[in-house]
Amino acid sequence: MSTLKLGIADDHELFRKGFISMLSGIPDFEFILEAANGQELLDKLPFNTPDIVFMDLQMPVMDGIQATEAAFEKFPNIKVIVVSMYNEDRFVIHMLEKGVQGYLLKDTSPDEVEKAIRRVADEGFYYNDFVSKAMHRKMVNRQPNKHPFFPNACNVALSAREQEVLQLICDGLSTAEIGEKLFISIRTVEGHRLRVLEKTGTKTTAAAVAFAYKNQLL
C-alpha cells in the first residue's frame with residue numbers, strides 16, 4: 001500500500017494540529033508539510049511536495065485563493081482540497097473554477113475527510129452533497145447572459161453520454177459507480193471524462209464541472 005503524502009495550510013494552530021492528529025493514525029496517510037499561511041506553504045513546497053494539500057481560505061500574508069493559484073502554476077500535479085468555515089455558494093463555485101479537487105467545511109466528519117482523500121487520490125476529485133447542491137443552485141439561479149463567462153462556451157457541444165457522465169460526476173459518483181450505473185467500462189467512463197476536459201478547455205474535472213454549470217451545458 002503506497003503512502004499518501006499530505007499537507008495543510010491553516011493559520012489556526014489548534015485546528016491544524018488537531019486535523020493532523022485526526023488523520024495521522026491512518027497507516028497510509030503521512031503529513032509531510034504544515035504551514036500557517038499561503039506564503040509559508042509555497043516556500044515549503046519545493047522541499048516537501050505533498051500529493052494533496054488541505055487549504056484554508058482566510059489566512060494572513062497570503063490567502064488560500066492566491067496560494068492555490070500559485071501552487072497549481074508551480075506544481076501542476078498537486079491536488080488541493082479546501083477546508084473552510086465559509087459555506088456560501090460563491091466560495092465553492094469560485095474555488096472549483098480555480099481547479100480545486102474538493103471543498104469541505106470545517107465541521108466535516110473524520111470519516112468523510114478520509115473518504116475525500118481517497119477519492120481525490122483515486123479519481124482526481126471529490127464532490128459531496130454540499131458541493132453538488134451549491135453547483136445546482138448556481139445553475140438554477142443563473143441569469144441569462146449573452147456573454148458567457150468562458151468566451152468559447154458557444155462552441156462547446158457535449159454529447160448526450162458526455163453530459164450524462166458529467167452529471168453523475170456532479171452527483172458525487174466515482175468512476176466505478178458511473179460505469180456500473182451506465183453499464184459501461186471504467187475505461188469508457190474515463191474516456192468520456194477526458195473528452196469533456198478537451199471540449200471545455202479545462203485541466204481538471206472540477207474546472208470542467210464549474211464550466212458546465214456556468215454555461216448551462218448540463
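I started at Phe 183, which I found in the loop between α8 and α9. I kept in mind that this is a predicted model. Is Phe 183 buried or exposed? Its relative accessible area is 76%, so I noted Phe 183 as exposed. I then looked up its backbone. Phi of Phe 183 is near 60°, a positive value in a residue other than glycine. Most residues other than glycine have a negative phi.

Helix α8 covers residues 175-182 and helix α9 covers residues 186-200. I read an angle of about 105° for their packing, with the axes 8 Å apart. Angles of 65 to 115 degrees count as roughly perpendicular, and α8 and α9 are therefore roughly perpendicular to each other. Which residues make the contact? From α8 I listed Thr 175, Ala 176, Ile 178 and Gly 179. From α9 I listed Ile 186, Val 189 and Glu 190. I sorted the residues of this contact into 4 nonpolar, 2 polar and 1 charged.

I stayed with α9 and turned to helix α7, residues 160-170. The packing angle of α7 and α9 is about 100°, and their axes lie 9 Å apart. That makes α7 roughly perpendicular to α9. On the α7 side I wrote down Arg 161, Glu 162, Val 165, Leu 166 and Ile 169. On the α9 side I wrote down Val 189, His 192, Arg 193, Arg 195, Val 196 and Lys 199. How do the residues of this contact divide? I have 5 nonpolar, 1 polar and 5 charged. Val 189 of α9 is in the contact with α8, and Val 189 is also in the contact with α7.

Then I went to the domain assignment. It gives domain 1 as 4-140 and domain 2 as 160-215. I looked up the separation of their centres, taken over C-alpha atoms, and got 22 Å. The contact takes 14 residues from domain 1 and 18 residues from domain 2.

An unreviewed UniProt entry annotates Asp 56 as "modified residue: 4-aspartylphosphate". I took this from the record. Where is Asp 56 found? I placed Asp 56 in the loop between β3 (52-55) and α3 (64-74). Its relative accessibility is 5%, so Asp 56 counts as buried; the cut-off for buried is under 20%. I then listed its contacts, leaving aside neighbours within four places in sequence. Asp 56 is in contact with Ala 9, Asp 10, Asp 11, Gly 64, Val 83, Ser 84 and Lys 106.

My last entry is Val 61, which lies in the loop between β3 and α3. Is Val 61 buried or exposed? Val 61 counts as exposed because its relative accessibility is 69%, and the cut-off for exposed is over 50%. Leaving aside neighbours within four places in sequence, I found Val 61 in contact with Asn 37 and Gln 39. Val 61 and Asn 37 are 24 residues apart along the chain, and their C-alpha atoms are separated by 6.4 Å. I also noted that phi of Val 61 is near 70°, a positive value in a residue other than glycine.

Technical notes:
Residues are numbered from 1 along each chain as its sequence is written. This is a predicted model: local features need pLDDT of at least 70, side-chain atom pairs count only at pLDDT 80 or more; totals for chains, interfaces and linings use all residues. Side-chain values use heavy atoms; hydrogens and water are left out. Axes are lines fitted to C-alpha atoms, for helices over the stretch in contact, and angles run from 0 to 180 degrees between N-to-C directions. Helices (H or I, at least four residues) and strands (E, at least two) are DSSP runs, numbered from the N terminus. Angles under 35 degrees count as roughly parallel, over 145 as roughly antiparallel, 65 to 115 as roughly perpendicular and the rest as oblique. Contact means heavy atoms within 4.5 Å. Ala, Val, Leu, Ile, Met, Phe, Trp, Tyr, Cys and Pro count as nonpolar, Asp, Glu, Lys and Arg as charged, and the others, Gly among them, as polar. UniProt positions are given in the numbering used here, feature names are shortened, and annotations may be inferred rather than shown by experiment. Buried means under 20% relative accessible area, exposed over 50%, partly exposed in between (1.4 Å probe, protein chains only). Domain bounds come from an automatic or database domain assignment.
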